[in-house]
Structures are given as C-alpha cells and as structure tokens.
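Subject: A structure to look through

Dear colleague,

Please find the structure below, and keep it open beside this message while you read. My notes on what was found follow directly after it.

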Amino acid sequence: MKGKENTANPHTDLITKEDQDKLFRDFNDRNYWAEREKILGDIDVVEDWKALKSKIYFSKSKKQNFLKYAAAAILLIGFGLGVFYNLPDTFKTTEDPSALGNNIVSGSDKAILGLENGEEIELSKETVYKGKNSSFVSNHLLYTKDKNTGELVYNYLTIPRGGKFFVELSDGTQVWLNSESKLKYPVQFIAGQPRTVELVYGEAYFNVSHSTQHDGDSFIVKQKEQELEVLGTEFNISAYKNDKALYTTLVEGSVAIHNKHSSKVLKPGEQAVNMGSDNDLVITKVDVNYAIAWKDGIFLFRDEPLQAMMHQLSRWYDAEVDFENDVKKNYLFSGTLKREDDIQTLLQNLEKTGEVTFEIKDKKIMIK
C-alpha cells in the first residue's frame, strides 16, 4: 500500500490498475493461495534483502528516498497477498504489533432483525432463530415463499458498525448488506405487484431473482433520493447518511433509475452518481471491482484520499478517526486488503510509507 499527496507525482505510482485487477482475481482463486504458500515458504526475506543491499550503492541522500519507496512497494505486495512479513530492521517502525493498542477488531456477521410487531432479535453466530417463514442458518437469514395472503408484512434488517450480513428474500433475491446499513422488505411479496424493498440507508449488493420466475413482476429498490426498477440483475447501491452522493453500480443486466429530475438506464460497468433529487443523474464508466469488493471480503483502494479510506475502515472496524493534521486527509493511497485482517497491521504498514503515523487509544485512531 502506498501513500502520496493529492498532486501528480510519478515516483509514488507503485502499482498499476492492471496489477490491482490481477490481485483481485487472485484473491478468489484457491489454486493461487496454495501456490503462494509453497513459493513463500522458500523465501528468506532478511537474507534476500541483505544480498540485494550488498549489490546496491547509493549516496546518503538518495538512500533515504530509496528506502522509503522500497518499503512502500514491499508493503503493497504484502497487502496484495494478504500477508505481513517480518521485514529487515530498516523497514521497522514498531517492534510489537500490539503497540498501537488492541481494542479494535475486524467486523463480523451480525444484524438486528426487526419484526412487524416491534420485536427486535439480535442475529449473530451464537443466535438460534426460526420464524414462521424464515430461519437463520450459517449466519444467513433465509425466507421461504408461502401462499399469497394479499397483505404485506414488513421486516427490517439493521447492520451495525462493525457488521455485515446476508439475507435471501422469499422470491430468491439475494442481498448482501454492508456495515451501518438498513433494509426494509416484505416477508412475502404479492403476486401481480412489483416486488418492492427499501434501502433506508447504507450499502447493499443485490442479486435479483429474474421477473420471468415471478410472472413478470419487476423488482424495485426505493431510496429517499431515487428508485430503481429491474427485471433480474446484479447491482450495488451505496447510500450512506453522511455521503454527499448516492452511487449505483451495475454489474449485470440493466437497471432503470429515476429521481425527481431525471431518468436513466444503466448498462453493465456503468455507475450512476446522484447528488440529490434536484440534480441530474450522472452516468460514468467504472471498474465494478472497486464498488463490489466489500461483498467478497476485500478492501480495494486506488488513489483513495486517506480521509475517505479511513471512513470506510472506521465503519468495518467500528472505530473513531481523528486527523491531527488536516493536510493528510488528502494524501492518496492504493492497495488491496482482506477485511478480516487486523487493522493494527494495516496502520503499521501505512506508517512505513513515511507519510503518516497513527496512535490508538481505546477505539479511537489518531492520525498525525
């Protein structure tokens, strides 16, 4: 992972977009991990570094800059592989991984299920729950289709900070919910009517059961600033409370998206940016991997301002973030990280770029 100021600087471009795309594909390839373990078992980082260092000569001034960028490059490789090595002393900033504190842990599968009668049920790996047409199995909430009653009964799923969750609705539509999100949906859909759910806030990835399986009934996702209508497709919506814009990214199929001011149809690989109902929807071509990486347990950053990056991390690790130097909010970083990794290792590796330092007190991360 690398850091740089928000200015053009070719010396800090330590990874290409193609490299990051390959890393993303590798994360989902089991054969890659088996081969990686075999190769890494033969590496002696300390001895190999000594051998390399003996063949390189730098003046004193150049040596300092080389070590800075070499450290950043090695850290980026480490993040891409999802591992952290014991680097030579030249690169070490903290001897003890626990020195930054140990009160911040990665998120987990958890949610609060709100029933129509107002009852709330906490769902986590320890929970045993079975409703009339729903069951909680292997950290997944699954609904089954029942006879059409003609009456809509709603449930709510609220995902706290430090949480994520998966639910399969009664029509077979699959929804992945990110931290700090809330979804409202019917326990059963009514035949002959659009299958309508509401993303109250937060982020969700939808894999919609096609309308051909439901006598042509379309699927609608409502959000306070927009409405999406689909027949069967995969897409991601990011609609967090404090974000300035709402982002809808289409992976497969097609989506008709509307707000009070305009209507657009998205094609795969496109993203709609909604700055508010009184503004036009702006459509851009994007790399969808960056929008949906969270669903597959990965943080994927490319030239991301540190403030935006830490905002994402704070949701998942349920931590506060405080910048003591506002200038560093705009420093840019790139890299790939497993969401299950320890944030302490991440922060220590960011420090090795020489651009920032961190201190943790309880569940607050101070950036200096």
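Is E180 buried, exposed or partly exposed? With a relative accessibility of 27%, E180 counts as partly exposed, since buried means under 20% relative accessible area, exposed means over 50%, and partly exposed lies in between, for a 1.4 Å probe and protein chains only.

Before going further, please note that this is a predicted model, in which local features need pLDDT of at least 70 and side-chain atom pairs count only at pLDDT 80 or more, while totals for chains, interfaces and linings use all residues. Residues are numbered from 1 along each chain as its sequence is written, and side-chain values use heavy atoms, with hydrogens and water left out.

Salt bridges

A salt bridge here is a side-chain nitrogen of Lys or Arg within 4 Å of a carboxyl oxygen of Asp or Glu, and by this rule there are eleven salt bridges. One of them joins E180 to R161, with the closest N and O atoms 3.6 Å apart; E180 is in the loop between β9 (174-177) and β10 (181-186), whereas R161 is in the loop between β7 (154-159) and β8 (163-168), 19 residues apart. Strands are DSSP runs of E with at least two residues, helices are runs of H or I with at least four, and both are numbered from the N terminus.

Another salt bridge pairs D243 with R315, where the closest N and O atoms are 3.7 Å apart. Because D243 lies in the loop between β14 (234-239) and β15 (246-252) and R315 in helix α6 (residues 306-317), this pair ties together parts that are 72 residues apart in sequence. D243 is partly exposed, with a relative accessible area of 26%, but R315, at 8% relative accessibility, counts as buried.

Aromatic rings

Rings of Phe, Tyr and Trp (its six-membered ring) pair if their centres lie within 6.5 Å, and their planes count as stacked under 30 degrees apart, edge-to-face over 60 and tilted otherwise. The whole structure holds eight aromatic pairs; F299 and F301 have ring centres 5.8 Å apart and planes at 10°, so they are stacked, and both residues are buried. Elsewhere, F189, F206, F219 and F235 form one aromatic cluster.

Helix α7

Helix α7 (residues 343-351) is mostly covered, as eight of its nine residues are buried, among them I343, L346 and L350.

With best wishes
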